[in-house]
Amino acid sequence: FDMYRITSEDDLYSIGYDDYLDRGICLVEWSETIPYGMPDEFLRVLIEKSDAALPDRRLITVTAEQSEF
């Protein structure tokens, strides 16, 4: 799911988001826009450029998170 343009809980649930949460793996981009929609526990994957001199290199960090809501 791309949550970039989701601005409210109504927007989130109108796309059927909650129907997919119990079906296995669900990937969410821009999850910081929907903190109220994240499950109790989830994995956050952060992909960052790690070296300006090496534009194709990325640092990938995976952390276990708990919802604030």
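## Surface and overall form

The chain exposes about 5,700 Å², and carbon and sulfur atoms supply 50% of that area. Do keep in mind as you read that this is a predicted model. Of the 69 residues in the chain, 16% are buried.

The chain contains one helix and two strands, and from the N terminus on these elements run α-β-β. The radius of gyration is 14 Å, well over the 11 Å that the globule rule gives for 69 residues, so the chain is more spread out than a compact globule. Along its principal axes, the C-alpha trace spans about 45 × 25 × 20 Å. As for contacts between residues at least 6 apart in sequence, 41% of them join residues at least 24 apart.

## A nonpolar patch on the strands

Which residues form a nonpolar patch on the surface? They are Leu43, Val45, Ile47, Ile60 and Val62, and together they have about 520 Å² of accessible area. Both β1 (41-49) and β2 (58-66) contribute, each with at least two residues of the patch. The largest share, three residues, comes from β1.

Is Ile47 buried or exposed? The relative accessibility of Ile47 is 56%, and the cut-off for exposed is over 50%, so Ile47 counts as exposed.

## Trp30 in the loop

Between α1 (9-14) and β1 there is a loop, and Trp30 lies in it. The backbone is worth a look here: phi of Trp30 is near 65°, a positive value in a residue other than glycine. For context, most residues other than glycine have a negative phi.

How accessible is the side of the story that solvent would meet? Trp30 has 37% relative accessibility. That value falls between the 20% and 50% cut-offs, so Trp30 counts as partly exposed.

Moving on towards the end of the chain, Ser67 lies in the segment after β2. With a relative accessible area of 18%, Ser67 is under the 20% cut-off and is therefore buried.

What does Ser67 touch, not counting residues up to four places away in sequence? Its partners on that count are Pro35, Met38, Pro39, Asp40 and Phe42. Ser67 also has a polar neighbour in Phe69: a polar atom of the Ser67 side chain lies 3.1 Å from the backbone nitrogen of Phe69.

Definitions and conventions: Residues are numbered from 1 along each chain as its sequence is written. This is a predicted model: local features need pLDDT of at least 70, side-chain atom pairs count only at pLDDT 80 or more; totals for chains, interfaces and linings use all residues. Side-chain values use heavy atoms; hydrogens and water are left out. Patches are made of residues with over 30% relative accessible area and no salt bridge: like charges are joined within 9 Å, nonpolar side chains (Val, Leu, Ile, Met, Phe, Trp, Tyr) within 5 Å. Accessible areas come from the Shrake-Rupley method with a 1.4 Å probe; for residues, only the protein chains shown count as cover. A salt bridge is a side-chain nitrogen of Lys or Arg within 4 Å of a carboxyl oxygen of Asp or Glu. Helices (H or I, at least four residues) and strands (E, at least two) are DSSP runs, numbered from the N terminus. Buried means under 20% relative accessible area, exposed over 50%, partly exposed in between (1.4 Å probe, protein chains only). The radius of gyration is taken over C-alpha atoms; the globule rule is 2.2 Å times the number of residues to the power 0.38. Contact means heavy atoms within 4.5 Å. A polar contact is a pair of N or O atoms within 3.5 Å; within protein, one must be able to donate a hydrogen and the other to accept it, and residues adjacent in sequence count only if both atoms are side-chain atoms.
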